[in-house]
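User: I'm new to this and I'd like to know where the labels come from. Can we go through the structure together?

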Amino acid sequence: MLGFLNQGELSLSRRRREQLLFLMDNGIYVVTILLFIAFIFLAPYFFTTRNLVNVLISASLAGIVTAGYTVAILAGQIDTSTQGVLAVATVTTALLFEEVGLSLPLTVILALGAGIAAGLFNGVIVVNGRIVAFVATLATSGVLLAISLFLSGGQTITIAREGLQEVVFIRLFGIPSSVWIMFMCYIVGWVMLTQTKLGAHIYATGADYRAALLSGVPVNRVIRVALVISALTAALTAILVTARAKQSAMFGLAIAGSVDFVTALTAVLLGGFSLFGGVGRIERNLVAVLFLTILGNGLQLMDVATGVILIVRGFALVFAVILSVLRARMT
Amino acid sequence: MSDQVILETVDVDKSFGAVHAVRSVSWKVYRGRVNALVGDNGAGKSTLIKLISGALQPNDGGFRIRGQETRIGGPAGAFGHGIAAVYQDLALVEGRDVVMNMFLGSELTRGPGQIFLDHKGMLQQAHEVLDDIHARIPNVREMVRNLSGGQRQAVAVGRALIRGGEIIIMDEPTAALGVEQTQEVLQLIDTLREQGKTIILISHNIQQVFEIADYISVMFHGELIGTRQRDEATEAEVVAMIMGRRSP
């Protein structure tokens, strides 16, 4: 049935190809709106202010991870260390704030620093070790998960001290701070990718490494920066998740969680990005994240079993990968 | 030969393991001329131009550019010396538009810290450069993947010119092109020469070389067999040199 995925470049007229690419790129907007309308009628309590704010909060956490993840994918690097970075950053946040007693700003700086360090480490292995990012970051993720378990003693660290959770619940115009942070990440990401030299280099490195190298683009530096940005946003998400729950999250075990590398990858691919780098627009990922969050939320409100929701999410990834491969065949 | 030498390789040598690709080559490239480099497959032409364009580093020997002993350290170093290569596959990014390809690696910037792209400036300069070389590209915002072979060649040459390329290396520029597009590229080379640019042309097509080149140099088994002025050479003589018979 999927034999067409094994063919070479799809033979389509230029007009037909451009039409299909437009549909693949922008279909996510239409599908998300249709899903939203469908759940208004199908899912009880879906269209209430309280639920919609909850959707936004959930979307914000997955959205921040995805924003950074997008940069890595654009540079042609499939970063699978997200889970590990999340784990290390959540434990770092909880430990430093609760047990060491550091101030909030210092805790945040050090937790973000842990993310940056993980990203730099990924960069060294991928660039200097000349190892494919998918494999290198998978190994890193294992190491980071082990470090987080070691640091926490395998226990959840509960935060009793005041001052952390409150930051997450601050609202501006009725919208929680994490949602504003997500919007900021996307605005910064959009500006960086479309308006700066670094963005142009990230696109070029992902689209054609050799062409970029021969054009004088510092491809190794670009890959390092992309992996650091990916890890940095994962660390930022971990801080917010930890603050919201007032405890360190067990990211290594939370396979059903909505903040993970699989969600980020699904959102990135549904947003029209290529699995092979160099193609896509970051604003579409924001919509893809909303789509996935609305899907999970609506099904939950319809009392669909968690297992079934996970299966639906799994199929969303399969569909997204097929879309990505098709796109590559067409271009 | 009264023309002025702009670039000279001095006993340049390059090996890949047991393969001796370029053997102590001393070659002169003349300013404002089309300098063709011909030879059979595996003769060492591509390796030599990669050494000149900084994509490879020699094991031995060096370069003299505008009379100065020079070390070419990487593609960026070559750009700094006014050398820009247009590779056989053109090294264009298919999924980016004409403007971004022309400025890739040498983007115009503005604003604090020069971090923002100067889209307007790049658009304007891209139009100017393409007009100068009489390139027929209707929309510079078109993705490169949608361009014809001749148009792609023009984009790659435009990029070389934007980098301030004074010495432009063209590796088999017409290899995969049809008749009409080949003529477009030959016209492009002619235009560049009229503008005073120095062209290093790698080609398998002897007739084409005789049509466009001013100097014809031949490599065989990694060695430079000899250089002929086009008007003083015959096709038969050059073919014989390609087969390894040294010029007198």
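User: How many helices and strands are there in chain B, and what makes a stretch count as a helix or a strand?

Analyst: Chain B has eight helices and 12 strands. Helices (H or I, at least four residues) and strands (E, at least two) are DSSP runs, numbered from the N terminus. A quick note first: this is a predicted model, where local features need pLDDT of at least 70, side-chain atom pairs count only at pLDDT 80 or more, and totals for chains, interfaces and linings use all residues. Residues are numbered from 1 along each chain as its sequence is written, while chains are lettered from A and ligands numbered from 1 in the order in which they are written.

User: What makes β1(B) and β2(B) a pair?

Analyst: Two strands pair if DSSP finds at least two bridges between them. Eight bridges join β1 (residues 5-16) of chain B to β2(B), so by the definition they pair. They run antiparallel. Leu7(B) stands opposite Val29(B) in β2(B), and Phe16(B) faces Val19(B) in that strand. The two strands form a hairpin with two residues between them, and Gly17(B) in the turn has a positive phi of about 60 degrees.

User: Which other strand is joined to β1(B), and by how many bridges?

Analyst: That's β4 (residues 60-65) of chain B, joined to β1(B) by five bridges and also antiparallel. Glu8(B) has Arg64(B) as its bridge partner in β4(B).

User: Why do β2 and β5 of chain B stand at the edges?

Analyst: The order in this open sheet of four strands is β2-β1-β4-β5 (chain B), with antiparallel pairing. β2 (19-30) and β5 (68-70) each have a single partner strand, so one side of each is left without a neighbour in the sheet. On average, neighbouring strands of this sheet are turned by 20 degrees against each other, direction ignored. Axes here are lines fitted to C-alpha atoms, for helices over the stretch in contact, and angles run from 0 to 180 degrees between N-to-C directions.

User: Where does helix α1(B) lie, and how do you know whether its residues are buried or exposed?

Analyst: Helix α1 (residues 45-52) of chain B lies across β1 and β2 of chain B, at about 65 degrees to β2(B). A residue is buried if 20 or more other C-beta atoms lie within 10 Å of its own, exposed if 12 or fewer, and partly exposed in between, with C-beta atoms placed from the backbone. Eight of the eight residues in α1(B) are buried, so by that cut-off the helix is mostly covered. Among them are Lys45(B), Leu48(B) and Ile52(B). Just after the helix, Gly54(B) takes a positive phi of about 85 degrees.

User: How much of chain B is buried?

Analyst: Buried residues make up 46% of its 248 residues.

User: What makes chain B agree with a compact globule?

Analyst: The radius of gyration is taken over C-alpha atoms, and the globule rule is 2.2 Å times the number of residues to the power 0.38. For 248 residues that gives a value near 18 Å, and chain B has 18 Å, so the two agree. Its C-alpha atoms fill a box of roughly 55 × 40 × 35 Å along the principal axes.

User: How many residues does each chain bring to the contact between them?

Analyst: Chain B brings 22 residues and chain A brings 19. Two residues are in contact if their C-beta atoms, placed from the backbone, lie within 7 Å. On the side of chain B that touches chain A, α2(B) gives the largest share, three residues.
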